Amino acid sequence: MELIISIIAVIISFVTFLYTVLVEYRGEQREKKQATLEALNILQEQVFDKLNEYTFAEIREITDKWNESLQEKNKFLSAKKGTATEFWSSHHEYDNAIEAYRILSGYLARIEHFALGVNTGIYDVKVTERAATAYLTMLYKKLEPLIRAKNKGKNNSSSENKYHTEFMKLVSALKKLEE
């Protein structure tokens, strides 16, 4: 009789353990989904809304002006006309483009950080897919000129990018999930 009671106690303990593990796992999954939604809300306020103020053409123009300024700076330095600091202090025609480029780069860095979180499992990919696939895909296309500029202006295919690969991987994964 004691043996049967011991076996039943072990079975009840094991079932209780499995139930605890299941409840804990589901709680973690819920927290992960909630964290994803909160991160998306923060991105909406701090990045997406601000990026919506720029058109595709404006981003391309800012990037082109940035590339032009770098070429001019390199010519200035090659001709030994002075230092980079002297170039920037004497060529103020690029100031607005440089400031806009830096702002856009900051927004892109925040998106990359979020994408890294999704790609490494910190955030939930399915929640991201349901909430933002179309928008993130459009945003990637919108920011492609900036990403190319960050890759030294090379006309790389997306898979060859050295920078912002997490964003590209996220967009690719989201597209696959939607199919």
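Biologist: Is glutamate 68 buried, partly exposed or exposed?

Modeller: Glutamate 68 is partly exposed, at 33% relative accessible area. Buried means under 20%, exposed over 50%, and partly exposed in between, with a 1.4 Å probe and protein chains only. This is a predicted model, where local features need pLDDT of at least 70, side-chain atom pairs count only at pLDDT 80 or more, and totals for chains, interfaces and linings use all residues. Residues are numbered from 1 along each chain as its sequence is written, and side-chain values use heavy atoms, without hydrogens and water.

Biologist: Which side chain does glutamate 68 meet in a salt bridge?

Modeller: Lysine 65, at 3.8 Å from N to O. A salt bridge here is a side-chain nitrogen of Lys or Arg within 4 Å of a carboxyl oxygen of Asp or Glu. Lysine 65 is partly exposed, at 28%.

Biologist: Why do those two meet?

Modeller: They are 3 residues apart in helix H2 (residues 56–78), so about one helical turn separates lysine 65 and glutamate 68. Helices are DSSP runs of H or I, at least four residues, numbered from the N terminus.

Biologist: How many salt bridges in total?

Modeller: The count is 3. One of them joins lysine 75 and glutamate 72, with the closest N and O atoms 3.5 Å apart. Lysine 75 is exposed at 52%, while glutamate 72 is partly exposed at 29%.

Biologist: And helix H6, what's the spacing of glutamate 166 and lysine 169 there?

Modeller: They sit 3 residues apart in H6 (residues 165–178), about one helical turn. Glutamate 166 is buried at 16%, and lysine 169 is partly exposed at 44%.

Conventions. Helices (H or I, at least four residues) and strands (E, at least two) are DSSP runs, numbered from the N terminus.
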